[in-house]
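Please look through the structure shown below.

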Amino acid sequence: MRYISWEEFWWNNITGAHTVVDRVAMALLENKMVILKVPSDLPWRYPMRSAIQSAFNERADARDVVIETLDAVDNNPSNLEPGRFILQHYASSAIKAGFREKARIRIQDYISDRNVIRNRIIWVKGLDEKSAGKWIQFCRGFSPRSATDGLFVLEVHGNISSIESSHIQYIDFDDCVSSYDVQQFNSFILDEQKQETINWKRYISTVTAAVCGVDAEVSEMLIQLTNFRIETAIEGLRHVDSLGEFDRRGADINSTHPLRHIRNNNFAELQHRIWTAQIQVLFPMIELERQSLTQKWNNAIKEALATQQIEQFGTILTDPAEAELGTLCYMMSCKVGSNRLLYIPEEQDRKRIRFLHNCRNKLAHMNCCTPDEVVGLLESPSL
């Protein structure tokens with residue numbers, strides 16, 4: 001049994017994700033407005049806000065300050081300008097009626113002087129590139145002395161450049177979180193699955209991170225729903241997509257989310273991501289087995305090399321330890337008179353050399369190993 005939920009673990013214990021939480025909380029504690037750029041496919045967005053609220057509360061002197069969320073679209077159907085929207089949402093009727101556009105006082109000063117957002121950190125979500133510009137300009141008009149005066153966090157997705165000032169801090173999720181954080185997160189999930197070997201844990205954590213990028217939420221679900229012994233990550237993603245819980249992931253036209261590729265039948269991109277993970281995990285394992293086998297059959301290989309010159313990579317091969325898998329396969333099939341040039345008496349090792357060569361060839365030519373081949377590599381008795 002895990003002691004906390006995975007969404008809490010992600011935001012509070014994984015380095016990159018917690019850096020986002022920590023930077024936002026620290027900026028608010030320094031009485032700064034925050035522009036938080038996040039991907040449209042942000043994992044566990046509600047727990048992120050809760051984690052930031054908790055981090056802020058743990059360090060803040062003012063316990064009365066609360067973080068309240070507003071949706072710039074859903075809560076503002078009339079498409080009011082930010083200042084008017086805040087007055088409409090938070091001010092009393094008298095204060096709302098008291099503001100005049102032609103008066104000399106700016107709306108930000110009017111809001112501050114009348115404590116309209118006192119003890120509130122207003123988290124504005126649903127901001128795209130266009131709407132974010134208005135809110136950023138609006139926030140630039142404030143000079144808060146403390147969080148009790150009221151602060152804003154603007155959660156923005158899309159392309160937006162860093163716009164910082166003495167009272168505004170820009171924080172980019174992508175500067176903090178990478179697929180390595182997701183891989184680390186996956187390792188913790190897999191540690192709960194005691195039945196998996198270290199090799200399988202390394203493989204699954206790497207493949208799911210490569211496929212899912214920075215979406216730890218989908219990665220966690222992919223691990224739970226996929227039997228990697230008989231299914232590829234692509235088949236697992238189909239299971240995830242069929243749940244209906246992630247229908248909005250990958251909805252943006254420029255999204256590179258794996259579920260968008262699944263829906264568009266863009267399997268080539270997903271295969272490439274799986275291949276990059278297999279190169280990281282399986283390629284070194286194949287090489288370690290090659291070394292083990294050449295060491296085991298050192299004398300037989302040395303005798304074969306003394307019998308006939310073998311050229312490898314343009315030079316004559318003399319050291320048995322340097323014999324590549326393709327070379328070993330050639331030597332086993334090559335005949336000198338009625339005998340094999342290289343005779344390895346154990347049939348299991350002969351088959352293993354050919355199997356390893358086939359897998360290495362696939363990876364070298366940017367093709368993925370099948371689930372059966374992955375099982376054969378990860379569950380080798382020699383590893």
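**Salt bridges and a buried strand**

The structure holds 20 salt bridges, a salt bridge being a side-chain nitrogen of Lys or Arg within 4 Å of a carboxyl oxygen of Asp or Glu. Side chains of opposite charge can pair when their charged atoms come close. The model is predicted: local features need pLDDT of at least 70, side-chain atom pairs count only at pLDDT 80 or more, and totals for chains, interfaces and linings use all residues. Residues are numbered from 1 along each chain as its sequence is written, and side-chain values use heavy atoms, leaving out hydrogens and water.

One of the salt bridges joins R106 and D109, with 3.2 Å between the closest N and O atoms. R106 has a relative accessible area of 39% and is therefore partly exposed; buried means under 20% relative accessible area, exposed over 50%, and partly exposed in between, with a 1.4 Å probe and protein chains only. D109, at 31% relative accessibility, is also partly exposed.

Another salt bridge is formed by the side chains of E289 and R352, at 2.5 Å from N to O. This pair links distant parts of the chain, 63 residues apart: E289 lies in helix α14 (residues 267-296) and R352 in helix α17 (residues 347-364). Helices (H or I, at least four residues) and strands (E, at least two) are DSSP runs, numbered from the N terminus. E289 is buried, because its relative accessible area is 4%. R352 counts as buried at 15%.

Helix α17 also holds K362, which is linked to E373 in helix α18 (residues 371-378), 11 residues apart. The closest N and O atoms of the E373 and K362 salt bridge are 3.0 Å apart. Elsewhere, R45, R49 and E155 are linked in a network of salt bridges.

Now turn to strand β1. Its residues are 33-37, and 5 of the 5 are buried, so the strand is largely enclosed by the rest of the structure. In a regular strand the side chains alternate between the two faces of the sheet. In β1, M33, I35 and K37 point one way, V34 and L36 point the other way, and all are buried.

Two strands pair if DSSP finds at least two bridges between them. β1 pairs with strand β5 (residues 168-172) in the parallel sense, over 5 bridges, and L36 has I171 of β5 as its bridge partner. β1 also runs parallel to strand β4 (residues 151-156), joined to it by 4 bridges. There, V34 has V153 of β4 as its bridge partner.
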